[in-house]
Amino acid sequence: MRFTTFHSDEWNLKTFHTIGYTKETQTLHVCLHDGTSLELMDVTEQSLFEFILAPYKERYLQEHLLPNHKVSVV
């Protein structure tokens with residue numbers, strides 16, 4: 001799995017800081033500031049790239065990814 005860390009101050013992120021993606025299983029991992037992680041299932045690469053490029057990443061996560069994918073807290 002490959003991870004990408006976003007600088008919270010630069011991106012104005014209050015809930016997460018790092019994401020990871022497993023291409024083979026299309027699983028997106030979102031590492032939250034409180035130490036827990038979210039696993040989102042069946043996230044396409046297109047959705048991943050849209051998320052990475054979104055200027056308001058937390059809004060994209062809340063409005064596009066969380067409602068449309070099975071989510072587990074790990």
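This is a predicted model: local features need pLDDT of at least 70, side-chain atom pairs count only at pLDDT 80 or more; totals for chains, interfaces and linings use all residues.
Helix H3 spans residues 57–65, and its buried residues are Lys57, Glu58, Tyr60, Leu61 and Leu65. Viewed down the axis of H3, these residues fall within an arc of 160 degrees and therefore line one face of the helix. Gln62 and Glu63, on the other side of H3, are exposed. The packing partners of the buried residues of H3 are helix H1 (8–11), strand S2 (16–22), strand S3 (27–32), strand S4 (37–40) and helix H2 (45–53).

The sheet is open and consists of 5 strands in the order S1-S2-S3-S4-S5, paired antiparallel. Strand S1 (2–5) and strand S5 (71–73) are at the edges with a single partner strand each, so one side of each has no neighbour in the sheet. From one strand to the next, the twist averages 20 degrees. S1 and S2 run antiparallel and are joined by 4 bridges; Thr5 has Thr18 in S2 as its bridge partner.

Two helices are placed relative to S2. H2 lies across S2 and S3 and runs at about 160 degrees to S2. H3 packs on the sheet, where H3 touches S2, S3 and S4, and its direction makes about 50 degrees with that of S2.

Notes: Residues are numbered from 1 along each chain as its sequence is written. Side-chain values use heavy atoms; hydrogens and water are left out. Buried means under 20% relative accessible area, exposed over 50%, partly exposed in between (1.4 Å probe, protein chains only). The arc is that of the directions from the helix axis to the C-beta atoms. Contact means heavy atoms within 4.5 Å. Two strands pair if DSSP finds at least two bridges between them. Axes are lines fitted to C-alpha atoms, for helices over the stretch in contact, and angles run from 0 to 180 degrees between N-to-C directions.
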